[in-house]
Amino acid sequence: MQFGRGKPSAGAFYDSDFTTIDEVLAVGLLNGLQGKNDCRVAIVTMSRPNLAVCGYIDMVERYYRGSAGNFAQVPPIGMRTTGQPGETSAAFTAPFASKKRVNPVKTVIDTGDPNTLFRNYLQAQYDQNGFFILAGPATNLAAALEFRGMKELIAAKMKYLVAALPERNIKADVAAAKKVLAEWPTPVYVVGEDIGTAIEFPGASIDKEFAANSPENPFSDAYKAYKPMPYNAPSWALAATLYAGRPKEGYFKASEPGTITVRDDGKLGFTASAQGRHQMLSVDPAQKDKVLQAYIDLTSAKPVFPQRFRPPVADDKKADDKKSDVKKIIEEKPQ
Amino acid sequence: MITRKALPRRTFLRGIGTAAIGLPFLDAMSPAMAATTKSPVRMAFFYVPNGMIMDAWNPSYEGAFQELPRTLKPLEPFKDDMLQIGNLTHNTGRALLDGAGDHGRCSGSYLTGIQVKKSLVEIKNGISFDQIVANEIGKQTRFPSLELGMEDARQAGDCDSGYSCAYTNNLAWRSETQPLPPTLDPRALFERMFGSGQPMTPAERARQSKYRRSILDYVTDDTHKLETSLGPTDRRKLDEYLSSIREVERQIERAEKDNQQIDPHMDKPYGVPADFAEHFRMMSNMVAIAFQADQTRIVTFLMTREGSSRPYRELGIPDGHHPLTHHRNQAELMEKVRVINQYHVQQFASIVEKLKSTKEGDGTLLDNSMLVYGAGLSDPNAHLHEDLPTIIVGKGGNYFKTGRRVLARRETPMCNLFLTMMDRMGLHVENFGDSTGRLDGLDLA
């Protein structure tokens with residue numbers, strides 16, 4: 001195959017309401033996966049109208065993408081303009097205390113319409129060469145299913161959706177979660193309540209790996225401002241993102257196929273069926289250290305700016321350059 | 001009781017041979033004591049290629065115009081009639097898996113909102129928005145639309161990385177496979193507008209040339225008859241109008257004479273002047289006449305074609321336009337592009353002035369027009385398809401609130417503007433190209 005002419009790594013679409021630090025760190029993990037050529041970050045969208053949060057996420061994206069260059073742009077963050085803006089955690093404002101960081105989002109003009117961005121960036125993907133990650137209420141994705149031609153486009157371009165659906169996310173928009181699970185036209189993998197609390201992101205890594213690997217990273221200040229340190233963070237979004245980028249790595253166990261439904265109380269139901277398009281993901285205790293290792297290494301990795309031509313990397317997915325001492329970090333887990 | 005019969009709007013001065021000259025709107029065309037007759041709305045697209053140096057196009061502010069940025073300076077006298085719209089995007093101009101060829105794609109999709117097929121032989125686009133409007137209202141005028149250009153009308157060959165010249169050399173598309181090639185030759189346009197609708201045969205042209213007759217000479221009888229039935233205001237208006245036609249005719253004759261003297265082997269139609277500004281002035285004067293006489297309400301004008309490497313020696317720039325735009329952020333090259341960008345706007349300002357100075361009803365022809373001036377790329381060095389340079393001059397019949405800069409949300413489809421303009425032209429459709437709705441934030445009247 002001629003260099004640069006092959007099918008690129010999968011395009012990643014990430015949607016969240018960014019209410020937890022886990023959902024923010026997952027953007028870092030996604031970009032870490034991009035740095036390893038496991039995916040290409042296509043677009044990040046947000047399901048609540050909050051400019052302050054959007055500005056922080058935009059700044060994070062620019063940290064990873066670098067400035068626009070030949071034939072490439074830094075796309076806007078897609079932001080829903082209806083609904084409630086919700087709380088603005090100090091995690092999203094504290095990082096701008098550093099004069100090196102500039103908030104590029106001043107008004108809604110600096111953001112994009114999620115459906116337009118979904119459509120535009122789906123059109124730029126090869127068939128069956130992308131995935132969606134839902135790490136928040138399903139509001140944006142449910143709206144996308146109503147958009148002209150979108151369902152067909154998703155079916156053509158996307159391989160799967162990985163949805164982090166703890167109760168909190170479902171209850172935020174029950175109708176949307178029901179609609180997405182019922183109508184999404186690709187296989188859907190669901191991270192339920194258990195994974196997020198069973199494997200928590202180790203807060204101790206902020207002053208260790210993050211400080212050592214990428215001292216300019218936009219997460220350390222956010223993490224420290226989110227809650228009083230030390231604390232570990234539940235990892236629903238991180239789990240969904242890691243599985244989406246490396247589905248064959250065996251980080252989590254996938255159930256047999258079936259149909260997942262959403263009950264009115266926000267709980268999930270699962271019915272096994274050979275024709276089902278849904279699978280539940282669960283923790284594999286034997287993989288816990290490996291998962292934590294990936295969380296730390298990928299979220300704290302230095303940015304690798306997107307390149308126009310970059311061949312798929314087949315063998316280095318396991319060859320992370322720096323292995324942090326996960327066991328030690330786990331032992332240091334705050335009580 | 002007033003019984004005066006109004007002159008029909010589509011009255012022509014006809015004469016010997018094939019001459020047929022449409023008339024401007026005259027008071028005599030208004031039924032006596034009738035409510036004010038509503039003037040038709042016209043729209044035109046002036047396309048310039050190879051993007052812009054955006055720091056000289058975008059002002060640093062939003063809202064009411066203050067000092068205009070450098071490229072737009074020639075439009076300073078008309079800034080109260082101008083609306084600048086930022087952040088419009090043509091996603092279909094992007095590669096979308098088709099690789100190189102941004103110039104071919106961006107002009108091909110500019111008015112269609114369709115990703116064109118990358119091919120030299122299997123041409124596939126979509127019907128352009130101007131033609132959708134022309135299909136609807138074109139029957140009301142002599143020409144449903146006019147397609148004009150100034151540089152290159154080749155319809156075959158490779159004009160950009162595997163994209164046919166059909167994509168770079170046409171703006172208007174009647175169907176997904178049928179472009180409407182622009183008229184480049186002022187003489188051909190003149191004969192089409194004031195003759196039978198078709199260019200004259202060489203024999204007809206030779207006969208006319210031999211006797212050095214003006215097209216106006218052929219309609220003398222009709223003109224005299226009409227004048228006797230007009231009031232003094234209408235007579236003056238008619239006289240000014242016919243004088244403007246005669247002036248265009250003289251310009252064409254001068255160009256033809258100059259061409260014979262300058263270079264008999266030049267690779268241009270006989271009547272095309274060598275001077276860019278002169279060529280534009282002649283073509284745009286005829287656009288003004290066509291609008292004034294309601295010969296058409298729709299014009300597309302490809303000022304030069306996408307990927308054009310035309311040098312601008314008249315500005316002291318011997319380098320090709322397209323190579324210059326790949327400036328790699330070198331200040332000297334960027335400066336030359338800024339000069340070219342402003343020069344194009346300067347030409348465009350001449351037709352704005354013409355329409356602004358032409359009275360129509362209680363206002364001007366410009367008030368009842370929507371002249372869109374823009375490009376299919378923004379930053380040409382990066383080949384970006386977002387924040388496309390776009391201005392609308394004219395209020396579209398008190399439709400647009402002008403005199404300001406409006407920013408749309410990033411990635412807003414250009415086709416959203418087209419839907420909004422279609423509404424104004426009396427055509428209400430739900431979707432066009434990759435539109436996602438009407439354009440927000442314009443405070444339409």
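Student: What makes β8(A) and β9(A) in this predicted model a pair of strands?

Tutor: Pairing needs at least two bridges. Strand β8 (residues 258-262) of chain A and strand β9 (residues 268-272) of chain A are joined by five bridges, so they count as paired, and they run antiparallel.

Student: Why are β4 and β6 of chain B said to stand at the edges of their sheet?

Tutor: The sheet is open and has eight strands, in the order β4-β16-β5-β15-β14-β3-β9-β6 (chain B), with mixed pairing. β4 (63-64) and β6 (146-149) of chain B each have a single partner strand, so one side of each is left without a neighbour in the sheet.

Student: How do you know that β4(B) pairs with β16(B)?

Tutor: The cut-off is at least two bridges. β4(B) and β16(B) have two bridges, so they meet it, in the antiparallel sense. In β16(B), Arg404(B) is the bridge partner of Ala64(B).

Student: What does strand β16 of chain B give to the side that touches chain A?

Tutor: In the contact between the chains, 16 residues of chain B meet 20 residues of chain A. Strand β16 (residues 404-413) of chain B gives the most to the chain B side, with five residues. By class, that side has six nonpolar, five polar and five charged residues.

Student: Why is α8(B) called roughly parallel to α10(B)?

Tutor: Helix α8 (residues 276-292) of chain B and helix α10 (residues 331-356) of chain B pack at an angle of about 30°, and their axes are 9 Å apart. Angles under 35 degrees count as roughly parallel, so α8(B) is roughly parallel to α10(B). The crossing is right-handed.

Student: Which residues meet where α8(B) packs on α10(B)?

Tutor: From α8(B) they are Ala277(B), Phe280(B), Arg281(B), Ser284(B), Asn285(B), Val287(B), Ala288(B) and Phe291(B). From α10(B) they are Gln347(B), Ser350(B), Ile351(B), Lys354(B) and Leu355(B). This contact has seven nonpolar, four polar and two charged residues.

Student: What makes α4(B) roughly parallel to α8(B)?

Tutor: The axes of helix α4 (residues 186-194) of chain B and α8(B) cross at roughly 15° and come within 10 Å. That angle is what makes α4(B) roughly parallel to α8(B), by the cut-off of under 35 degrees. The crossing of α4(B) past α8(B) is left-handed.

Student: How many residues of the contact of α4(B) with α8(B) are nonpolar, polar and charged?

Tutor: α4(B) brings Pro186(B), Leu189(B), Phe190(B) and Met193(B), while α8(B) brings Met282(B), Met283(B), Met286(B) and Ala290(B). By class, the contact of α4(B) with α8(B) has eight nonpolar, no polar and no charged residues.

Student: Why are α1(A) and α10(A) called roughly antiparallel?

Tutor: Helix α1 (residues 21-35) of chain A and α10(A) have axes that come within 11 Å and cross at roughly 170°. An angle over 145 counts as roughly antiparallel, and α1(A) and α10(A) are therefore roughly antiparallel to each other. Ile21(A), Val24(A), Leu25(A) and Gly28(A) of α1(A) make the contact with Phe219(A), Ala222(A), Tyr223(A) and Tyr226(A) of α10(A). The residues of this contact divide into seven nonpolar, one polar and no charged.

Student: What is the phi of Asn50(B)?

Tutor: Most residues other than glycine have a negative phi. Asn50(B), which is not glycine, has a positive phi near 65°. Asn50(B) lies in the loop between β3 (42-47) and β4 of chain B.

Note on methods:
Residues are numbered from 1 along each chain as its sequence is written. Chains are lettered from A and ligands numbered from 1 in the order in which they are written. This is a predicted model: local features need pLDDT of at least 70, side-chain atom pairs count only at pLDDT 80 or more; totals for chains, interfaces and linings use all residues. Two residues are in contact if their C-beta atoms, placed from the backbone, lie within 7 Å. Helices (H or I, at least four residues) and strands (E, at least two) are DSSP runs, numbered from the N terminus. Ala, Val, Leu, Ile, Met, Phe, Trp, Tyr, Cys and Pro count as nonpolar, Asp, Glu, Lys and Arg as charged, and the others, Gly among them, as polar. Axes are lines fitted to C-alpha atoms, for helices over the stretch in contact, and angles run from 0 to 180 degrees between N-to-C directions. Angles under 35 degrees count as roughly parallel, over 145 as roughly antiparallel, 65 to 115 as roughly perpendicular and the rest as oblique. A crossing is left-handed if the near helix is turned anticlockwise from the far one by less than a right angle, and right-handed if clockwise.
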